[in-house]
Amino acid sequence: MRAEDRTDIQRIPDRIVFKQTVGALLMSVGAVQIMKEYYGLPDLILLFAVVLSIFLYGLFIKNGDHHKPYNSYFQLSVVPIIAVGTYCYFVLKFGFFDLSAIAVHLQLGLDAPDVVHSYFLEAFNIALGVALFIAGNAVLVRNNSKYRGFERIVSLFFFAALTFWIVSNSNLLAQDNDVRLADLYREPTPLSSDSAPLKNFIHVYLESTEGTYFDESQFGDTMAPLKPLVSRGLNATNMVQIHNTGWSSAGMTAANCGVPLSPIGLVAFNNFDWLDEFLPSAVCLGDILNKKGYLLSFILGANARFSGVDHLYTKHGFDDVLDLDHFKRSYRDDPMALARSKQDWGLQDDIVFDAALEVLRAQNAMAAPFGLVIETIGGHAPDGFLSPRCFNQTDIMAIEINVLRAVKCSNWLLAQFLAAAERDGLLENTIVVVQSDHLSMKNSIYSQLTSRKRRNLFFLFGEGIEARSHTNKVSPVDVYPTLLEAVGVRLPDSRAGLGVSMLSKRKSWIDIHGEALFNAMIRSDRELNARLWTRSDAKSVADAPAMGVS
């Protein structure tokens with residue numbers, strides 16, 4: 001060893017060892033903080049960070065070198081730790097990590113300040129762990145060459161694993177005899193209607209109220225209010241959730257347009273017209289029915305601008321979107337009533353169903369056929385939102401688990417809404433469709449849900465609909481042609497978008513190709529998504545003018 005090296009070792013070891021000890025402690029606390037949040041461990045587990053620090057001290061510091069620090073060194077592990085922290089947050093919050101969902105929400109809008117603010121607050125603890133880990137790692141890589149070598153090896157291993165994960169999940173090679181998603185897509189071309197008048201429809205999306213809740217052995221009588229309704233018509237007992245339909249705007253896009261909601265691709269992204277559009281080249285339910293003279297309204301208690309929901313409806317034939325802004329104007333003279341019903345996402349379901357009944361009465365007074373779409377919020381993860389009107393319902397309040405209590409409450413409110421509408425003669429010549437917008441995200445009973453064969457909720461009833469169970473495998477895209485045929489729109493081959501009508505004898509594409517391959521085709525699709533997101537001169541079936549949000 002050179003004389004100057006021996007001098008350095010004698011002159012600076014205490015300062016360097018102190019820095020390395022602090023670095024080990026910060027890394028340990030950061031790593032344990034992330035694990036604590038991810039696994040829901042008690043605060044006492046942070047004591048484990050001290051033990052981990054001692055281990056790191058013995059492994060890298062005590063027997064490591066104490067040469068002068070490197071002033072410039074890029075931390076290869078910064079990317080891995082940020083990726084791990086991000087993954088942990090999304091799994092902790094939603095139960096899964098979905099890049100498509102993240103991309104769509106960022107592209108189409110997060111205009112719901114209360115919700116986004118609460119998400120940022122919940123992300124703070126994991127972000128704190130990531131920051132501490134990076135700070136401690138920075139100290140160690142600059143002051144200990146033994147650790148620096150270890151960090152390089154671990155980081156390169158992670159990058160290799162990440163590359164493998166991206167390639168394996170992109171399903172770039174997944175094909176079935178060269179069948180592509182674009183080959184399965186059918187742009188709707190309704191046949192000439194017969195003499196029978198078109199039916200009205202009411203379409204209710206029950207937030208996160210999946211069909212899995214019918215399992216009374218696990219979830220009690222949560223779905224009891226819906227059972228008399230389910231028995232009146234077609235009940236799809238095998239509706240699976242496909243890729244890019246696992247959040248509200250995506251589930252509604254599948255049911256309205258017959259396609260999953262995939263992120264905007266590079267082809268469409270370079271055309272800035274997409275900023276004011278929503279699948280501009282898709283022909284959706286509202287496009288067809290608007291041209292046939294329907295009056296179409298969508299009502300919800302949340303902000304419709306979140307994730308582009310307003311554009312899904314206003315850009316595809318709907319006349320009105322009544323959202324949180326509408327209710328704020330309606331309750332301007334009674335702000336206390338609005339405040340009592342307010343929660344992070346917007347308003348409780350009792351207020352929404354009351355308003356929906358008034359809209360339904362107004363629509364019935366018109367000569368034109370109509371459609372009313374309603375979205376609830378009660379079943380939203382993690383704990384649901386219990387409407388005040390359910391406070392005096394002893395059977396609902398007896399349920400101990402918050403989210404189940406909220407789900408049953410929304411189910412009861414729906415049943416009350418339909419009973420009132422039927423009592424007033426508002427359901428004549430009307431098809432009623434009820435479905436979950438998607439499977440539930442992570443809630444307090446998530447482990448019980450995921451331990452079962454999970455299925456979405458879907459049933460419809462009304463004049464001409466046979467009471468039966470539909471047991472063949474279907475997905476949310478099959479709702480689109482089913483609803484069209486239910487109201488009297490005739491379709492060639494009973495197909496529209498990627499969907500196949502459940503009122504026909506034809507098998508759905510997911511039943512023919514299988515769930516795994518159908519999802520693989522969605523993940524690997526570029527052609528159909530680019531076509532739908534790229535503006536064309538005119539839609540072949542309907543080109544109704546977009547209306548506004550009320």
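Biologist: Let me start with a cysteine: is Cys284 buried or exposed?
Modeller: Before anything else, please keep in mind that this is a predicted model. In it, Cys284 is buried, with a relative accessible area of 1%.

Biologist: And which residue does Cys284 form a disulfide with?
Modeller: The partner of Cys284 is Cys257, and the sulfur atoms of the two are 2.0 Å apart. The link between Cys257 and Cys284 is right-handed, with 100° about the S-S bond.

Biologist: How many disulfides does the structure hold?
Modeller: The structure holds 2 disulfides, and when the bonded cysteines are counted along the chain, the pattern is 1-2, 3-4.

Biologist: Which cysteine is bonded to Cys409, then?
Modeller: Cys409 forms a disulfide with Cys390, with 2.0 Å between their sulfur atoms. This link is right-handed, at 85° about the S-S bond. Since Cys390 belongs to the loop between strand E7 (370–375) and helix H18 (394–397), and Cys409 to helix H19 (residues 402–423), the pair ties together parts that are 19 residues apart in sequence. As for accessibility, Cys390 counts as buried at 0%, and Cys409 counts as buried at 1%.

Biologist: Switching to charges: how many salt bridges are there in the structure?
Modeller: The structure holds 16 salt bridges. One of them is formed by Glu527 and Arg180, whose closest N and O atoms are 2.3 Å apart.

Biologist: What parts of the chain does the pair of Glu527 and Arg180 tie together?
Modeller: Glu527 lies in helix H24 (residues 527–533) and Arg180 in the loop between helix H7 (145–170) and helix H8 (181–184), so the pair ties together parts that are 347 residues apart in sequence. Glu527 counts as partly exposed at 38% relative accessibility, and Arg180 is partly exposed too, with a relative accessible area of 35%.

Biologist: Which residues are linked with Arg180 and Glu527 in a network of salt bridges?
Modeller: Asp183 is the residue that is linked with Arg180 and Glu527 in that network.

Biologist: What does Arg389 form a salt bridge with?
Modeller: Arg389 forms a salt bridge with Asp354, and the closest N and O atoms are 2.6 Å apart. Arg389 is in the loop between E7 and H18, and Asp354 is in helix H17 (residues 349–364), so the pair ties together parts that are 35 residues apart in sequence. Arg389 counts as partly exposed at 36% relative accessibility, and Asp354 counts as partly exposed at 33%.

Biologist: Where do Asp395 and Lys408 lie?
Modeller: Asp395 lies in helix H18 and Lys408 in helix H19, and their side chains meet in a salt bridge at 3.2 Å, N to O. Here Asp395 counts as partly exposed, at 40% relative accessibility, whereas Lys408 is buried, with a relative accessible area of 2%.

Biologist: Now the inside. Which residues touch the most other members in the largest nonpolar core?
Modeller: In the largest nonpolar core, which has 72 residues, those touching the most other members are Phe201, Leu289, Phe298, Tyr313, Phe458, Leu484 and Phe518. Another core lies apart from that one and has 50 residues, among them Val403, Val407, Ala420 and Leu457. As background, in soluble globular proteins nonpolar side chains tend to be buried together.

Biologist: What is Phe518 in contact with, leaving aside its neighbours within four places in sequence?
Modeller: With those neighbours left aside, Phe518 is in contact with Leu181, Leu184, Ile242, Trp509 and Ile510.

Technical notes: Residues are numbered from 1 along each chain as its sequence is written. This is a predicted model: local features need pLDDT of at least 70, side-chain atom pairs count only at pLDDT 80 or more; totals for chains, interfaces and linings use all residues. Side-chain values use heavy atoms; hydrogens and water are left out. A disulfide is a pair of cysteine sulfur atoms within 2.5 Å. Buried means under 20% relative accessible area, exposed over 50%, partly exposed in between (1.4 Å probe, protein chains only). Helices (H or I, at least four residues) and strands (E, at least two) are DSSP runs, numbered from the N terminus. A nonpolar core is a set of buried Ala, Val, Leu, Ile, Met, Phe, Trp, Tyr and Cys residues joined through side-chain atoms within 4.5 Å. Contact means heavy atoms within 4.5 Å. A salt bridge is a side-chain nitrogen of Lys or Arg within 4 Å of a carboxyl oxygen of Asp or Glu.
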